[in-house]
Amino acid sequence: MTDDGMTGRVVVGVDGSEPSKGALRWARFVARSAGFEVDAVAAWEIPWAAAEGWPSDWDPERETSGMLHATVTGVLGSEPGVSVQELVRRGGAARVLLDESRDAQFLVVGSRGHGGFSGLLLGSVSAACAEHAHCPVLVIHGDTPPPPVSP
């Protein structure tokens with residue numbers, strides 16, 4: 001609970017990558033520790049230069065939603081121990097997560113996701129979030145698991 005009696009939110013960026021799966025585990029830990037809820041957020045966009053080259057039957061929002069659900073249930077299971085809301089937003093990942101951070105108590109991101117260059121400490125999304133988020137940010141680097149939380 002927050003000071004105003006509202007339930008707090010931990011926003012976590014999910015793109016299906018291993019770093020985002022680690023971020024999801026840490027988001028659950030933070031949420032359970034603080035009595036908050038988790039908003040698992042996935043973003044999608046079609047680059048304007050490639051918009052005409054996509055198949056007409058492709059539904060990026062549906063595909064993103066499927067990836068998000070599969071990742072959340074695959075990582076947290078069917079009973080994650082906290083309330084988890086899956087949110088799919090259109091737009092660039094950094095912009096979407098920054099917007100979602102406006103009324104969040106915490107933002108958790110992996111150090112880099114799909115498209116990251118091997119060897120970089122931070123990807124462009126995690127760097128933008130660390131620099132511009134409206135709440136504290138936890139950037140998960142590596143595969144260190146969160147501490148165990150009793151049910």
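Reply: In this predicted model, A93, A94, L97 and L98 of helix α3 meet V125, A128, C129 and H132 of helix α4. Contact here means heavy atoms within 4.5 Å. The residues of this contact divide into seven nonpolar, one polar and no charged. In that scheme Ala, Val, Leu, Ile, Met, Phe, Trp, Tyr, Cys and Pro count as nonpolar, Asp, Glu, Lys and Arg as charged, and the others, Gly among them, as polar.

Me: What should I know about the numbering and the model?

Reply: Residues are numbered from 1 along each chain as its sequence is written, and side-chain values use heavy atoms, with hydrogens and water left out. The model is predicted: local features need pLDDT of at least 70, side-chain atom pairs count only at pLDDT 80 or more, and totals for chains, interfaces and linings use all residues.

Me: How many helices and strands does the chain have?

Reply: Helices (H or I, at least four residues) and strands (E, at least two) are DSSP runs, numbered from the N terminus. The chain has four helices and five strands. Along the sequence they follow the pattern β-α-β-α-β-α-β-α-β.

Me: At what angle do α3 and α4 pack?

Reply: Two packed helices are described by the angle between their axes and the distance between the axes. Axes are lines fitted to C-alpha atoms, for helices over the stretch in contact, and angles run from 0 to 180 degrees between N-to-C directions. For α3 and α4 the angle is about 30°, with the axes 9 Å apart. Angles under 35 degrees count as roughly parallel, over 145 as roughly antiparallel, 65 to 115 as roughly perpendicular and the rest as oblique. The two helices α3 and α4 are therefore roughly parallel to each other.

Me: What is the handedness of the crossing of α3 and α4?

Reply: A crossing is left-handed if the near helix is turned anticlockwise from the far one by less than a right angle, and right-handed if clockwise. The crossing of α3 and α4 is right-handed.

Me: Which residues of α3 are buried?

Reply: Buried means under 20% relative accessible area, exposed over 50%, and partly exposed in between (1.4 Å probe, protein chains only). In α3, residues 93–100, the buried ones are A94, V96, L97, L98 and E100. They pack against β1 (9–13), β2 (37–44), β3 (84–90), β4 (106–110) and α4. A93, by contrast, is partly exposed, with a relative accessible area of 32%. Leaving aside its neighbours within four places in sequence, A93 is in contact with A43 and V125.

Me: Is S124 buried or exposed?

Reply: S124 belongs to α4, residues 124–132, and is exposed, with a relative accessible area of 62%. S124 and A94 are 30 residues apart in sequence and 7.9 Å apart in space, C-alpha to C-alpha.

Me: How do α1 and α2 pack?

Reply: Helix α1 (residues 18–34) and α2 pack at an angle of about 60°, with their axes 10 Å apart. That makes α1 oblique to α2. The crossing of α1 with α2 is right-handed. K21, L24, R25 and R28 of α1 make the contact with T71, V72, V75 and L76 of α2. These residues divide into four nonpolar, one polar and three charged.

Me: Is T71 buried or exposed?

Reply: T71, in α2 (residues 60–76), is buried, with a relative accessible area of 8%. Beyond its neighbours within four places in sequence, T71 is in contact with V14, G16, K21 and L24.

Me: Which residues does A27 touch?

Reply: Setting aside residues up to four places away in sequence, A27 touches V10, V12, V38 and V108. A27 lies in α1 and counts as buried at 0% relative accessibility. The C-alpha atoms of A27 and V10, 17 residues apart along the chain, are separated by 6.3 Å.

Me: How much of the whole chain counts as buried?

Reply: Of the 151 residues, 38% count as buried. Among contacts between residues at least 6 apart in sequence, 75% join residues at least 24 apart.
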